[in-house]
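Here's a quick tour of one model, written for someone who likes the cut-offs spelled out. Have a look at the fold, then read on.

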Amino acid sequence: MDISQQHPNLPDDFVQLCQSVTAKRPKAVLDHILQYGFVTTEELKERYGYNHPPRAARDVREHGIPLETFRVTGTDGRRIAAYKFGDISKARFSRLSGRTGLSKQLKDELIERYGCKCFIYLEKVDKRELQIDHRVPFEIDGEPELLAESFMLQSGKILVM
């Protein structure tokens with residue numbers, strides 16, 4: 001069965017973009033939505049073991065795939081978030097549409113400029129524990145120019161969710 005028969009309401013190039021994602025967390029979200037039409041935060045926690053479902057949705061968005069958040073009733077009767085595809089015309093189909101990998105050179109430039117310290121805790125951290133993060137969140141500003149002033153160093157410990 002070809003793509004257009006499996007997903008008759010979705011453009012083939014959009015389905016191919018979704019299927020091209022190989023990272024585990026966003027792939028689980030995309031595969032579930034392609035199969036069932038949406039995924040809930042409850043399913044992301046219970047079925048896939050993701051303790052922070054909004055991060056899984058963010059991973060999908062960072063691959064250039066629009067998601068819409070809406071509310072459904074969970075198994076316990078409370079209102080919970082669910083995710084489905086958003087405006088497909090806003091999907092970014094180029095390979096560069098997701099997040100850009102940040103180089104060791106940029107990390108070294110940040111360390112030279114600011115030292116080996118976390119921008120959040122303002123404490124010294126071993127170089128290998130530092131990670132690069134955007135000064136303005138990716139969801140707000142997209143991918144900035146690769147200039148040191150657009151990024152900051154953070155302890156990898158605070159980035160784990």
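Phe14 has a relative accessibility of 0%, so it counts as buried; buried here means under 20% relative accessible area, exposed means over 50%, and partly exposed is anything in between, with a 1.4 Å probe and protein chains only. Keep in mind that this is a predicted model, where local features need pLDDT of at least 70 and side-chain atom pairs pLDDT 80 or more, while totals for chains, interfaces and linings use all residues. Numbering starts from 1 along each chain as its sequence is written, and side-chain values use heavy atoms, with hydrogens and water left out.

Helices (H or I, at least four residues) and strands (E, at least two) are DSSP runs, numbered from the N terminus.

Now for the rings. A search of the whole structure turns up four aromatic pairs. Rings of Phe, Tyr and Trp (its six-membered ring) pair if their centres lie within 6.5 Å; planes under 30 degrees apart are stacked, over 60 edge-to-face, and the rest tilted. One of the pairs is Phe14 with Phe85, and it is edge-to-face because the planes sit at 90°, with the centres 4.9 Å apart. Since Phe14 belongs to helix α2 and Phe85 to strand β3 (residues 79-85), this pair ties together parts 71 residues apart in sequence. Phe85 is buried as well, at a relative accessible area of 14%. Another pair, Tyr48 and Tyr50, is stacked, at 6.5 Å centre to centre and 15° between the planes.

| Residue | Relative accessibility | Class |
|---|---|---|
| Phe85 | 14% | buried |
| Tyr48 | 27% | partly exposed |
| Tyr50 | 13% | buried |
| Ala57 | 0% | buried |

Ala57 sits in helix α5 (residues 53-62). Which residues does Ala57 touch, not counting those up to four places away in sequence? They are Leu67 and Tyr83, where contact means heavy atoms within 4.5 Å. Val39 is 18 residues from Ala57 in sequence and 9.7 Å from it in space, C-alpha to C-alpha.

There's a charge over a ring, too: the charged end of Lys84 sits over the ring of Phe70, 5.0 Å from its centre. To count, NZ of Lys or CZ of Arg must be within 6 Å of the ring centre and within 35 degrees of the ring normal.

Strand β5 (residues 151-155) is mostly covered, with five of its five residues buried. Phe151, Leu153 and Ser155 point one way, while Met152 and Gln154 point the other way. In a regular strand, side chains alternate between the two faces of the sheet. Strand β4 (residues 130-134) runs antiparallel to β5 and is joined to it by five bridges; pairing takes at least two DSSP bridges between strands. His134 has Phe151 as its bridge partner in β5.

Zooming out, the protein has eight helices and five strands. Buried residues make up 40% of its 161 residues. Of the contacts with a separation of 6 or more, 54% are between residues 24 or more positions apart.
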